[in-house]
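Work through the exercises below with the sequence and the model at hand. Each task is followed by a solution in steps.

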Amino acid sequence: MGITFIELSPDRVVGRMPVAGNTQPFGLLHGGASCVLAESLGSTAAALHAGPGHIPLGVDINATHHRAARDGYVTGVATPAHRGRSFATYDIVITDDDDHRVCTARITCFLRPIPDEAR
């Protein structure tokens, strides 16, 4: 996927991904690739929020694809919609190199304690 993380905190995770290599047969950014970027950013933010001893498990993701990207990079920014002890929800906005919105996504993660036998 070629995702590069640019900024990492529980309040904001930013990453970018090349369009090349992540396209569907017509040469456009694959919607599934946008979902992979969104889930990677949102789950990372949820893990940072949860802290040591917990892992985020994605329980819901949705995405609206607004426009096509054909080349260059797309950049995603994940920001919290809700952060609790058991669940965290993040909104992810993905834009192209011209700062046009390509996709809006939302992910909710269950913040599960790591079992003792897995530590």
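**Exercise 1.** Find the residue just after helix H1 that takes a positive phi, and give the angle.

Solution. Helices here are DSSP runs of H or I with at least four residues, strands are runs of E with at least two, and both are numbered from the N terminus. Just after H1 comes Gly 51. Its phi is positive, about 80°. The model is predicted, so local features need pLDDT of at least 70 and side-chain atom pairs count only at pLDDT 80 or more, while totals for chains, interfaces and linings use all residues. Residues are numbered from 1 along each chain as its sequence is written, and side-chain values use heavy atoms, with hydrogens and water left out.

**Exercise 2.** Compare the span of H1 with the expected span.

Solution. H1 covers residues 31–50, which is 20 residues. The expected span is 1.5 Å times one less than the number of residues, and for H1 this gives 28 Å. From first C-alpha to last, H1 reaches 28 Å, close to that expectation.

**Exercise 3.** Which residues of H1 are buried, and which strands do they pack against?

Solution. Buried means under 20% relative accessible area, exposed over 50%, and partly exposed in between (1.4 Å probe, protein chains only). The buried residues of H1 include Ala 33, Leu 37, Leu 41, Ala 45 and Ala 46. An α-helix has 3.6 residues a turn, so residues three or four places apart point the same way. The partners of the buried residues are strands S1 (4–9), S2 (12–18), S3 (54–65), S4 (73–83), S5 (87–95) and S6 (101–113).

**Exercise 4.** List the contacts of Ala 46, leaving aside neighbours within four places in sequence.

Solution. Ala 46 lies in helix H1 and is buried, because its relative accessibility is 0%. Contact means heavy atoms within 4.5 Å. The residues in contact with Ala 46 are Pro 56, Ala 88, Tyr 90, Cys 109 and Leu 111.

**Exercise 5.** How many disulfides are there?

Solution. A disulfide is a pair of cysteine sulfur atoms within 2.5 Å. The count is 0. For Cys 103, the nearest cysteine sulfur is that of Cys 35, 6.0 Å away. For Cys 109, the nearest is also that of Cys 35, at 14 Å. Cys 103 is buried at 0% relative accessibility, and Cys 109 is buried at 0%.

**Exercise 6.** Is Asp 99 buried or exposed?

Solution. Asp 99 sits in the loop between S5 and S6. Its relative accessible area is 61%, so Asp 99 is exposed. Its C-alpha is 8.9 Å from that of Val 74, 25 residues apart along the chain.
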